[in-house]
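This briefing is intended to be read alongside the sequence and the three-dimensional view. Please keep both at hand while going through the points below.

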Amino acid sequence: MRLLFKRLAVVLVSMTVVSAQAVADADSGAFTLQKAIDFALENNPEISIMQARIDQADAQLGEALASFYPQVKASLSYQHSDNPAQAFAMIIAQRRLNFNSGDFNHPGGIDNYRPQVTATYSLFRGGQDYYLSQAAELGVETSELEKTATRHHLINNVTAAFYGYLAAEDAHDLSLRSIEAVQSELDQSRVRFDAGTLLKSDVLSLEVQLAEAKDTQIQAANAIEIAKAMLKTLLGLSADHDFTISENLSQPLPAEPAEFELLLNQALGQHPELKAAEKRVAIAEQQLNAAQAAHLPRADAFVTYGSDSKDLAYSSNRDNVSAGVMVEVDVFSGFATQEKVKKAEHELRAAREAARQMRLRVENQVKTAQLRLREALNREQVTSVSVKAAEEALRLVKEQREAGVVTVTRYIEAEVARDRAKTRDISARYDALRAEAELNQATGFWN
């Protein structure tokens, strides 16, 4: 228990030092995606928690291996008795037997002090110690795989939040440009209305569009703050800490994903959560072996060294040594051993089903991520074409309106169509980048 407290204290101190260093690093410059990922892996509390679990599994392994070493204990006992048989035995052990002294039937009260050192060694326990040590070793490997899985989830979440922030920034900039364009058109329309060359309805239509553009801008600004708050949580920063994002808007689009069978084979070979589930099956098998081994006999060797005296004075004339081997077997334990075996069998069955469920989940994750990436890439191809078409349509409508051929309503429709096309293109682009991160996580790419 003290060792556990010491480990926790070390973890807490290291987390404090890392947090102080993290704040200093966060102030050192703008975050790129890679810097944000590296920062989160160093500073996110979840990683420290998983490391503490690895240390805990290490301690459990050390505890299991302790059974392979001799056990040495020191003790001091005191006994007082006027029972003739016990008193006679104490006198003999103290080397004070004298047939001419006293009445052995009425010895009076006898005191006996016995300091003693005992060493025991387990010769055979049916393999229980071996099986439990193997289970503990697998537990360490499982904890390391769980930490790897946590790192993958964190990388994916940081990537999604980072691109979500950039998408919100793009949408916000687009809304500001839309407000500026509509405001300029509204100012010109008011001049024309005052001159009597434009209808009041056209001015009101532009005012409605301006209000819609401002509403979109408010939502986009709020989306930026939400994305930033999510990034702060993932990076392990406090809510009042401010930081900047390096707006690298020239991120290349991901490549077309590979075929499903190839991606699935990659995932089955290295996905950390699937590997951890398989390790848990192996742990349950070892624990079942240990439970079944309890039916076998157990053999222990022991040796004791001590002395008996009527006071605490030590003398080599009164010391003694005992050594031996003890073999025991449970003839009837109230069905406890059988029930432990049944429990281990049920745990093994549950572990196997959990591993099968994890395999199905990984298959679904890979397939879903592959489809989302393909969908986003196809959408981006379509939306990039629609943006060009919408911009050209807006240019033509603007020229026609300046020539008085079309109404302001047609111009508004073209403006809205252009903005929507750009919004869809931004969404498709960043959806593709986020889908690539999800596919990397699903296949265990970050190993």
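Helices (H or I, at least four residues) and strands (E, at least two) are DSSP runs, numbered from the N terminus. The model is predicted: local features need pLDDT of at least 70, side-chain atom pairs count only at pLDDT 80 or more, and totals for chains, interfaces and linings use all residues. Residues are numbered from 1 along each chain as its sequence is written, and side-chain values use heavy atoms, with hydrogens and water left out.

**Loop residues with positive phi**

- Phe335 lies in the loop between E4 and H9, and its phi is positive, at about 70°, although Phe335 is not a glycine.
- Arg95 is placed in the loop between H4 and E2.
- The phi of Arg95 is near 60°, again a positive value in a residue other than glycine.
- Arg95 counts as partly exposed because its relative accessibility is 47%; in this scheme buried means under 20% relative accessible area, exposed over 50%, and partly exposed in between (1.4 Å probe, protein chains only).

**The sheet**

- Four strands form an open sheet in the order E1-E2-E3-E4, with antiparallel pairing; two strands pair if DSSP finds at least two bridges between them.
- Strand E1 (71-81) and strand E4 (319-328) stand at the edges with a single partner strand each, so one side of each has no neighbour in the sheet.
- From one strand to the next, the twist averages 25°; angles run from 0 to 180 degrees between N-to-C directions, and axes are lines fitted to C-alpha atoms, for helices over the stretch in contact.
- Helix H4 (residues 84-93) packs on the sheet and touches E1 and strand E2 (110-124), its direction making about 125° with that of E1; contact means heavy atoms within 4.5 Å.
- In general, the strands of a sheet pair through backbone hydrogen bonds, either parallel or antiparallel.

**Strand pairs**

- Eleven bridges pair E1 with E2 in the antiparallel sense, and Pro115 in E2 is the bridge partner of Leu76.
- Between E2 and E3, the antiparallel pairing extends over eight bridges, with Thr118 standing opposite Thr304 in E3.
- E3 and E4 run antiparallel and are joined by ten bridges; Val321 in E4 is the bridge partner of Tyr305.

**Thr304 and its surroundings**

- Thr304 is part of strand E3 (residues 298-307) and counts as buried because its relative accessibility is 12%.
- Leaving aside residues up to four places away in sequence, Thr304 touches Gln116, Val117, Thr118, Asn320, Val321 and Ser322.
- Val117 is 187 residues from Thr304 in sequence, yet the C-alpha to C-alpha distance between them is 5.6 Å.

**Ile92 in helix H4**

- Ile92 belongs to helix H4 and is partly exposed, with a relative accessible area of 39%.
- The C-alpha atoms of Ile92 and Asp308 are separated by 9.3 Å, while the two residues are 216 residues apart along the chain.

**Helix H7**

- In helix H7 (residues 260-270), the buried residues are Phe260, Leu263, Leu264, Ala267 and Leu268.
- These buried residues fall within an arc of 135° when seen down the axis of H7, so they line one face of the helix; the arc is that of the directions from the helix axis to the C-beta atoms.
- Glu261 and Leu262, on the other side of H7, are exposed.
- The cover over the buried residues of H7 includes helix H8 (272-293), helix H9 (336-402) and H10.

**Packing of H5 against H10**

- Helix H5 (residues 128-195) packs with helix H10 (residues 408-443) at an angle of about 170°, and their axes are 9 Å apart.
- That angle makes H5 roughly antiparallel to H10, since angles under 35 degrees count as roughly parallel, over 145 as roughly antiparallel, 65 to 115 as roughly perpendicular and the rest as oblique.
- By class, the contact of H5 with H10 comprises twelve nonpolar, eight polar and seven charged residues; Ala, Val, Leu, Ile, Met, Phe, Trp, Tyr, Cys and Pro count as nonpolar, Asp, Glu, Lys and Arg as charged, and the others, Gly among them, as polar.
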